[in-house]
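This report covers charged side chains and how they pair. The sequence and structure come first.

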Amino acid sequence: MLSDLKIENVAVIEKAGIGFEKGLNIMTGETGAGKSIVIDAINAVLGERTSKDIVRTGTSAAKITAYFENISDAAVRVLGELEIECEPDRSLLINRTVTADGRSTCRVNGQTLTVSMLRKLGRELITICGQHDSQHLLQKETHIEYIDFLADIGQLLSQYREAYREVVKKKKELNAFIRSLNDKEERREYLSYRIGEIEAAKIQIGEKARLTEEKKKLQNREKLMKALYGARVALDGEGEAAGCTQGLYALTGFLSQLGEYNGEFDGYARDIEKLSYLLSECSSLIGSEISSLEGEELDVNFIEERLDVLYRISKKYGETEEEILENLEKYKAELELIETSDDKRLELENEIYELSERLFDLAEEVSERRKKAAEGFEKDVMAELSYLDMPSAVFKVSFTQTAATSKGIDDVEFLISANSGQEPKPLSKIASGGELSRIMLAIKCVLSDLETADTMIFDEIDTGVSGRAAHKIAYKLRALGKKRQTICVTHLAQIAAAADNHLFIEKHNDGESTFTKIRKLIDDEHIYEIARIIGGEVITRATVMSACELIDFANTP
């Protein structure tokens with residue numbers, strides 16, 4: 001439960017410490033004293049969205065600290081998910097700071113968290129029900145959330161939503177496929193033309209490079225032949241003129257003869273003999289090149305035409321032969337898809353049918369669980385409303401089957417008839433402010449046993465209520481306080497009289513600034529504050545007696 005709340009530089013609150021206790025904690029004070037600021041501070045420390053506007057004028061930052069004792073198993077589980085070590089005594093310290101420039105920092109047991117992580121933890125610590133929630137109740141779209149919470153179908157809904165996403169995904173795929181086939185014939189002709197053009201070109205990897213090299217040879221053939229003939233004459237000679245190869249052979253013989261008389265010539269003879277062999281190999285290569293050039297019938301026109309074809313194809317379908325052939329395979333695959341489109345469409349339709357069967361089975365199970373929960377919910381809410389001075393009220397949960405949505409196949413709406421003889425109608429059409437407050441309290445009372453948070457806060461849940469109904473609400477809040485810590489902001493004396501712990505919020509002005517103080521009321525202070533609520537600033541003996549009677553009445557079992 002929430003044990004202590006420290007607020008510093010939040011709006012008109014300069015510094016305040018609030019001690020909350022078990023049971024029913026009541027906060028009262030004049031309008032504008034700062035009761036809503038306390039609720040805003042609690043929201044902030046729970047990770048709810050806030051702004052720099054909460055920072056007290058002239059200060060650098062607002063600071064809120066909340067200390068919790070003996071937190072719930074659900075809160076302990078969230079701490080584990082957030083990788084925060086839980087204290088042995090299950091205590092918890094949360095700090096949140098909001099600076100004047102809008103920056104926010106959050107710490108839990110000294111460890112820094114993001115606001116979203118803090119919000120996840122906060123939902124397991126405190127449940128706040130205020131005027132906003134009453135207005136929220138008027139929105140039909142939210143009603144299904146109450147039933148789902150009561151039915152405890154979180155896991156089943158997750159399975160349904162996963163199946164729903166799969167069906168939506170497949171339907172989108174089918175629709176996109178159908179749209180792509182609207183111009184099937186035109187696309188088939190287009191692909192066939194491209195496939196035919198590429199295949200007619202008979203693309204071979206490396207052909208462009210090879211033809212480019214052959215073209216280069218053709219363009220330089222005369223120069224090559226002249227160089228080759230010249231090299232051959234230099235090596236082998238021509239006519240009676242001997243070439244250097246023959247000269248080297250002769251030189252080798254002479255050096256060998258000299259070696260018989262002087263051994264130094266033997267080394268030279270061997271080296272020159274090797275050189276002779278090398279020149280002989282070169283001569284053979286030159287001869288082969290000459291024969292190749294003379295024997296090849298290279299058609300320069302054919303090469304030019306072929307290179308032109310390859311150039312045009314590469315401009316349309318890819319720079320390299322590899323890219324062109326890859327695109328050819330893509331076009332063939334797409335054409336095959338079009339050719340087999342009927343099979344593909346049937347396959348998708350069958351998949352959607354099978355997925356839809358599972359989706360509908362899950363949807364029916366979700367709906368059945370909801371309707372079963374709604375039956376008990378109706379009875380329990382009407383019982384609570386009867387206790388809250390609405391004995392003739394009829395509360396119904398209306399179900400209308402719809403096409404499948406992410407929430408299922410149910411359209412859920414709460415209907416109410418406040419008076420006998422009237423048909424139940426939507427809340428937004430007949431519920432007054434006082435009735436709406438009691439309906440919200442009744443719903444919260446029914447759901448309270450399922451709430452995991454140890455603390456419930458009611459912010460002016462008594463709007464539009466007075467007299468006997470106020471007494472009933474006071475009893476109900478006191479009963480809730482016996483189950484879990486309950487905090488209530490109220491303007492009604494009947495509810496304030498039921499307090500186990502009465503906190504008074506008052507605003508002061510020292511001539512220079514306005515600030516708010518919060519203090520616990522004990523004994524006579526508690527009585528006189530209730531008397532003030534009854535009679536205003538002038539407290540008489542009669543209002544004090546009335547306050548005492550209300551307190552006695554609230555404490556009567």
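A search of the whole structure finds 24 salt bridges, a salt bridge being a side-chain nitrogen of Lys or Arg within 4 Å of a carboxyl oxygen of Asp or Glu. The model is predicted: local features need pLDDT of at least 70, side-chain atom pairs count only at pLDDT 80 or more, and totals for chains, interfaces and linings use all residues. Residues are numbered from 1 along each chain as its sequence is written, and side-chain values use heavy atoms, leaving out hydrogens and water.

| Pair | N to O distance |
|---|---|
| Lys-520 and Glu-21 | 2.5 Å |
| Lys-170 and Glu-173 | 3.5 Å |
| Arg-532 and Glu-529 | 2.7 Å |

Lys-520 in strand β17 and Glu-21 in the loop between β2 and β3 are 499 residues apart; helices (H or I, at least four residues) and strands (E, at least two) are DSSP runs, numbered from the N terminus. Lys-170 and Glu-173 lie 3 residues apart in helix α6, about one turn.

Buried means under 20% relative accessible area, exposed over 50%, and partly exposed in between (1.4 Å probe, protein chains only). Glu-529 is buried at 5%, as is Arg-532 at 14%, while Lys-520 is partly exposed at 40%.

Arg-438, in helix α16, is buried but has no salt bridge; Asp-389, the nearest side chain of opposite charge, is 4.7 Å away.

Definitions and conventions. Lys, Arg positive; Asp, Glu negative; His and termini not counted.
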